[in-house]
Amino acid sequence: MEKASQISKNTNIETAFPWTIVYERFEPAEEGLREALCTLGNGYLGTRGAACESVASKIHYPGTYIAGVYNRLTTNVAGRRIINEDLVNCPNWVFLTFRVGNGEWFYPSTNRILSFNQKLNMHKGVLSRKIRFQNRKRQRTFIETNRIVHMQDPHYAALEYIIIPENYSEWIVVRTMLDGTVLNTGVERYRQLNSKHWKPNSLGSFERNGIFLSMKTSQSRVEVAQAAKIRIFAGDKEIKPVIKHLMKGKERIGQEFRFFARERRTYKIEKIVSIYTSRDSEIKNPAVSTREALRKPLRFKKLLKTHKQAWEKLWERFDIQVEGHTFSQRILRFHIFHLLQTASLHNVKIDAGLPARGLHGEAYRGHIFWDELFAFGLYDLHAPEISKSLLLYRYRRLPRAWEYAKKEGYKGAMFPWQSGSSGKEETQVLHLNPLSGKWGPDFSRRQRHISFAVVYNVWQHYKNTGDFGFLARYGAEIILSIARFWGSLLKYDHNDGRYHTKGVMGPDEFHERLPGSSRPGLKDNAYTNLMIVWTFLKAQEIIKILPEGHKKRIMKKIKLEQKEFLRWDDVIHKMKVIIDEKGIISQFDGYFGLKELDWEGYKAEYGNIRRMDRILKAEGKSPDDYKVSKQTDALMIFYLLSFSEIEDIFRRLKYAFNKNTLRKNYAYYIKRVSHGSTLSEVTHCYLALILGKPKEAWRRFLNVIESDIYDTQGGTTPEGIHVGVMGGSLDIVMRGFAGVHLAEDRIKIEPRLPQSWKRLKFKFLYKGILISLVIKKHKISILIQGQVTIPIEINGKLHYPLLGKILKVPVQKRKK
């Protein structure tokens with residue numbers, strides 16, 4: 001495997017600075033990836049890092065996405081009428097370019113670039129770019145751009161554009177635009193589908209230097225309004241340029257300004273933008289609100305100051321400091337940065353979930369999947385108000401989950417595999433195989449395990465925050481509704497005295513049905529069955545702790561009957577899990593009878609075999625016939641639950657279980673997984689750590705943190721970051737390397753620092769208590785701040801830190 005430092009040279013990314021991503025050359029082929037990685041956002045909106053001079057092309061793809069703004073379109077595919085809902089690419093607010101005299105408009109890919117430097121400053125939340133170029137008349141110009149999407153006030157974005165003529169004096173013409181002609185064409189495999197989501201609403205100019213644009217989505221009727229003002233400065237003095245032209249169409253509006261630029265003088269163009277939607281609370285008229293927000297004169301530097309202050313406060317809460325391995329340090333901050341741009345403190349006022357690909361692109365159509373399972377820990381333990389708002393997104397869509405369950409013949413609440421605006425199932429009926437170019441049926445909606453992710457996130461939020469009010473008002477209703485669903489899906493077999501499941505898919509995704517079966521779904525998926533038991537145990541715990549009034553209210557609302565409690569109690573003792581004589585857990589009923597795959601043969605032929613499902617289907621075969629998994633499935637429970645929890649479940653079910661169970665199953669399944677999902681390396685990294693395999697864990701951790709920055713999945717990251725893998729990397733640091741486990745009455749710490757890491761420092765919240773940790777090879781320092789303290793157990797030994805006093809504990813080398 002290539003080392004991170006070697007890869008960075010190949011991909012032209014500077015790795016020396018822990019707070020920045022730097023590109024030293026303009027490479028058109030890499031622009032799609034850079035645009036996703038350099039996205040700026042604030043939880044309310046995200047704007048890709050496309051050059052401000054660009055429009056959608058083979059090289060560039062400008063995109064702005066606003067949390068919760070979706071629209072449905074219909075397309076005829078293969079003789080079928082297909083309806084898809086997308087997170088909509090909103091009007092492009094960024095566009096700004098210029099020309100010298102009557103020359104060509106500046107566009108990075110069509111000019112001779114003399115020098116190039118692009119930098120994403122994660123500490124300040126600023127995307128900067130410096131370019132020196134020469135035109136056909138040999139006129140050399142230096143350009144610097146600085147861009148922000150305001151973190152303090154989510155409705156502002158701003159661009160600073162600096163021009164210095166190096167060897168000429170000439171008229172400069174600046175063109176700016178708010179462009180509503182944008183389409184959703186950022187994902188190649190979706191381009192056969194309808195992609196025009198916007199209809200014009202209103203546009204115009206205001207004051208001397210302002211323009212505004214209002215568009216509405218064609219089906220959901222969401223209005224998105226933007227306004228922009230341009231100011232131009234020669235040095236620090238504002239100049240009044242000649243307004244050369246007002247460009248006005250049905251779906252875009254722009255202006256052209258002209259000023260005379262003198263050789264070697266600095267000219268600064270500031271574009272301040274305000275953005276509102278009809279979904280914003282307390283906003284009656286978005287178009288009016290955008291103009292009102294720009295009535296007072298605003299300077300870029302003033303907005304930048306408050307923007308940086310907001311980021312400073314966030315980093316004070318969220319930062320993870322690593323000494324000894326700069327690449328780890330830099331990418332962990334990179335992951336925190338993008339997760340905070342996808343969901344921030346502003347989400348408290350937004351009814352939106354956590355898109356699996358962020359606000360960074362159009363992959364997965366901006367839908368919400370189970371990936372949130374891997375990212376919620378970051379929010380819970382640093383800003384629980386964010387995770388609460390994301391859970392309320394699920395709660396508000398509970399009625400749709402009840403409807404979905406009823407439609408499929410079940411009770412309770414069945415959450416959809418893909419969720420968008422309303423909470424209905426958004427999973428495609430057809431899916432395009434990029435290798436074969438053929439459309440085929442998509443059975444992934446059978447991944448009912450999404451409901452376990454919802455239950456897990458609700459329970460972890462309650463456990464980590466101690467917010468009983470949230471549990472009583474919202475969380476209990478979600479968990480009990482999902483428990484009802486699983487109770488109605490189960491079937492009892494009198495022959496073996498066990499409960500069984502069928503017609504579902506596990507996290508693996510490659511296996512959609514048994515070989516030769518015409519019915520989609522599998523029987524007795526191990527992860528599903530074990531998590532049903534865990535869900536029922538949590539439901540029982542909730543019933544015990546809920547006040548009588550809340551319990552009666554919820555039971556009446558969701559039509560929960562006493563007899564269902566008896567069924568749940570029976571299930572936790574009689575659920576079926578298939579385990580062979582060697583102690584290997586069968587991924588599902590029939591898995592052991594599948595054919596083995598010629599892994600070495602396929603690696604030799606194809607090289608990258610992560611997506612074995614697509615390879616096999618392109619060959620006319622089916623992954624259903626083989627022991628090949630996309631990612632962790634049977635082992636997934638070991639990633640989520642503690643050893644004691646799993647041991648308790650197996651004991652109740654009267655199945656043998658010991659410390660070697662995980663070791664044997666890991667050794668079996670690791671040989672049969674293709675790691676077709678970025679999440680696969682996350683789970684296997686953590687499991688390797690707890691199995692005492694530090695070298696393997698480190699290799700997999702590098703795979704995790706390299707996955708988006710280097711697009712190791714081969715073209716997926718330009719379509720949007722992977723929220724799950726980013727959250728998973730931080731979870732590995734917290735639970736794996738730091739070894740922090742949050743028990744009811746104490747915090748357990750069993751550090752496993754990587755060999756190259758000299759020091760690890762971070763903070764987290766637990767039930768309102770702020771814990772600061774510094775972990776070194778031979779010493780741990782702990783500071784507890786809040787109203788009360790909490791016992792700390794380090795490698796099995798209990799300590800009682802005093803409030804506000806640093807406790808330093810020597811750490812002995814871990815026994816193997």
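**Entry 1: salt bridges**

A salt bridge here is a side-chain nitrogen of Lys or Arg within 4 Å of a carboxyl oxygen of Asp or Glu. Both residues lie in helix α14 (599-606), three residues apart, about one turn of the helix. I noted that a helix is a DSSP run of H or I with at least four residues, and a strand a run of E with at least two, numbered from the N terminus. Lys603 is partly exposed at 42% relative accessible area, and Glu600 is exposed at 57%. Buried means under 20%, exposed over 50%, partly exposed in between (1.4 Å probe, protein chains only).

Next I checked Asp613 and Arg611, whose side chains form a salt bridge at 2.7 Å, N to O. Asp613 is buried at 8%; Arg611 is partly exposed at 24%. By this rule I have 51 salt bridges.

**Entry 2: confidence**

The chain averages a pLDDT of 94; this is the predictor's confidence in each residue, from 0 to 100. Over residues 1-15, pLDDT stays under 50. Where pLDDT is low, the predicted coordinates should not be read in detail.

**Entry 3: ground rules**

Residues are numbered from 1 along each chain as its sequence is written, and side-chain values use heavy atoms, without hydrogens and water. Local features need pLDDT of at least 70 and side-chain atom pairs 80 or more, while totals for chains, interfaces and linings use all residues.

Methods:
Contact means heavy atoms within 4.5 Å.
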